[in-house]
Amino acid sequence: MTEEKKTVRAKKSVETSFMEFLLDTAVQNIRSLVDGALDTVRQTAEKFTYNVTKQIMLFCLALIGVIFFLVGCAQILSDLFRFPGLGFIIIGISVLMFVATTYFLNRK
């Protein structure tokens, strides 16, 4: 003998289907709100990363330019005074004085 299993399903009432509709609508609204917020955060993070990367690259290029400029000035001063290394010493002391002055003025 085989037994047949019968599934009894309760009939959906109007109240149950209305509650399901409200619940589905609420879940869809929350999901769209969260998706929009995540998209905004992603776009903001991408813009921030791009701007930081651009600023770092510009800073590195400017730093390389300043280094070449200072080395050139130091070589000119060394040739001018006809004493090897004196230009580098003068430029080094000048840069240290500039950094110290800037540090102490911005300290307040």
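In which helix does Phe-88 lie? In this predicted model, Phe-88 belongs to helix α2. The chain contains two helices and zero strands. Helix α1 covers residues 14–81 and helix α2 covers residues 86–106, with a loop between them.

Of the 108 residues in the chain, 4% are buried. The chain exposes about 10,500 Å², and 69% of this area is supplied by carbon and sulfur atoms.

A nonpolar patch on the surface is formed by Phe-59, Leu-63, Ile-67, Val-71 and Phe-88. Together these residues have about 470 Å² of accessible area. Helix α1 gives the most to the patch, contributing four residues. Phe-88, by contrast, is a residue of helix α2.

The loop between α1 and α2 includes Arg-82. Arg-82 is not a glycine, yet its phi is positive, at about 55°. As a general rule, most residues other than glycine have a negative phi. The relative accessible area of Arg-82 is 75%, and this residue is therefore exposed, the cut-off for that class being over 50%.

Aromatic contacts were also examined. The structure holds one aromatic pair. The pair consists of Tyr-103 and Phe-104, whose ring centres are 5.3 Å apart. Their planes stand at 65°, and the pair is therefore edge-to-face, because planes over 60 degrees apart are assigned to that class. Phe-104 has a relative accessible area of 49% and is partly exposed.

A disulfide is a covalent bond between the sulfur atoms of two cysteines. With a cut-off of 2.5 Å between cysteine sulfur atoms, the count comes to zero disulfides. Cys-60 has a relative accessibility of 37% and is partly exposed. For Cys-73 the relative accessible area is 23%, and this residue is likewise partly exposed, because a residue is buried under 20%.

Definitions and conventions. Residues numbered from 1 in each chain as written. Predicted model: local features only at pLDDT ≥ 70, side-chain atom pairs only at ≥ 80, totals over all residues. Heavy atoms only, no water. Buried < 20%, exposed > 50% of the residue type's maximum accessible area, 1.4 Å probe, protein only. Areas by Shrake-Rupley, 256 points an atom, 1.4 Å probe, with all protein chains shown as cover. Patch = residues over 30% accessible without salt bridge, like charges linked within 9 Å, V, L, I, M, F, W, Y side chains within 5 Å. Salt bridge = Lys/Arg side-chain N within 4 Å of Asp/Glu carboxyl O. Phe/Tyr/Trp six-rings, centres within 6.5 Å; stacked < 30°, edge-to-face > 60°.
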